[in-house]
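Hello,

The structure is handed over below. The findings follow it.

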Amino acid sequence: MNTRIAVLLPCYNEEATIGAVIDDVRAACPAAEIVVFDNNSTDRSAAIAAEKQVRLVRVSRQGKGNVVRAMLKRVEADVYVMLDADATYPADRIPDLLRPVIDGSSDMVVGARFGRPEAGAFRRFHHTGNRILCRSVSLIWGARLTDVLSGYRAFSAEVARILPVVSSGFEVETEMTVQALFYNMTISEVDIEYRARPEGSFSKLRSYRDGFAIFLQVVHLLRAYKPLTTFGGLGLVSIGVGSLLGLSTSVDLSRPAGILAVTLILLGALLISTGLILHTLNFRVKELHSVITRRPGP
Ligand SMILES: Nc1nc2c(ncn2[C@@H]2O[C@H](COP(=O)(O)OP(=O)(O)OP(=O)(O)O)[C@@H](O)[C@H]2O)c(=O)[nH]1
Ligand SMILES: [Mg+2]
């Protein structure tokens, strides 16, 4: 049976590059179905996609996360590759990203950009921001990743079927990575060259706004997917501070510091119980997930 490959291109006002990206994808992977996800572009992006005779899906809710959700829902294939329509990722590496997914050794393969980025490919602070995010995610989730935010990734039909993506903007890549780790999927990386946007094309990423949204996403993912670490950690700190304060006041409950110490210890205990309850819930969700993703019996 032939493997059905879908190449998914999120596109918002990329008339300067979308045509060339489609040509590059076709040359690299002639068998693939190319699908452009246009998100209310006001330039010629959609017209160019139509001229190139690729499938065009229009998504009315603005934002890359909304588009990724539409990709997972609207395209049927055995393996998927998504890459940005801004010509910053080398389309000729698609076969390298797909290989581990097709041979079953990885569920998701990420095109990692930090090995050899072209000068100017990363804007000021983006490089450092990316590194901090990546180190934190790798540390918290016990993974060895070097690029969490890359928009160039290949994944299996199973990933497309089960990742419960809910974010709406540029936080979506972080979300996909963490969800894949939570469900014990295998993520590997392939080093790729990352290029600067060509002359006349403009980034849609707003450093502060989108950077802050990504930071909030990490906090949310921590709370949702690592509740025992988050609430348990806060609880231990609270108990530690409360105990020190209590000892320094000789556990005198008639003094405000003594009352504060007891309050902190109780708050700590409450936080740890919350973490334990949520951790158990997560465990049951994982069990359920393991059962519902099993192949149906004969
Ligand atoms: N469909 C859709 N695509 C989007 C939207 N925002 C960005 N994109 C696409 O997502 C891809 C990534 O956007 P970029 O602006 O390049 O963001 P980035 O690559 O993180 O940032 P740069 O490093 O500045 O290029 C591009 O192909 C955009 O066209 C959106 O709201 N809807
Ligand atoms: Mg880009």
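This is a predicted model: local features need pLDDT of at least 70, side-chain atom pairs count only at pLDDT 80 or more; totals for chains, interfaces and linings use all residues.

Residues are numbered from 1 along each chain as its sequence is written, chains are lettered from A and ligands numbered from 1 in the order in which they are written, and side-chain values use heavy atoms, with hydrogens and water left out.

Ligand site

There are 20 residues around ligand 1 (a heavy atom within 4 Å of it). Those that come nearest are E14, N39, D86, S203 and K204. By class, this shell holds 9 nonpolar, 7 charged and 4 polar residues (Ala, Val, Leu, Ile, Met, Phe, Trp, Tyr, Cys and Pro count as nonpolar, Asp, Glu, Lys and Arg as charged, the others, Gly among them, as polar).

Oxygen atoms of ligand 1 lie 2.8 Å from a polar side-chain atom of Q62, 3.0 Å from one of R123 and 3.2 Å from an N or O atom in the side chain of Y194. Taken alone, ligand 1 exposes 630 Å², and the protein buries 92% of that (Shrake-Rupley method, 1.4 Å probe). β1 (5-11) and α3 (64-74) are the elements that give two or more residues to the shell (DSSP runs: helices H or I, at least four residues; strands E, at least two; numbered from the N terminus).

Helix α1

In α1 (residues 18-28), the residues I18, G19, V21, I22 and V25 are buried (under 20% relative accessible area, 1.4 Å probe, protein chains only). Seen down the axis of α1, the buried residues fall within an arc of 165 degrees, so they line one face of the helix (the arc is that of the directions from the helix axis to the C-beta atoms). They pack against β1, β2 (33-38), α2 (45-51) and α4 (94-102) (contact means heavy atoms within 4.5 Å).

Regards

Conventions. A polar contact is a pair of N or O atoms within 3.5 Å; within protein, one must be able to donate a hydrogen and the other to accept it, and residues adjacent in sequence count only if both atoms are side-chain atoms. Buried means under 20% relative accessible area, exposed over 50%, partly exposed in between (1.4 Å probe, protein chains only).
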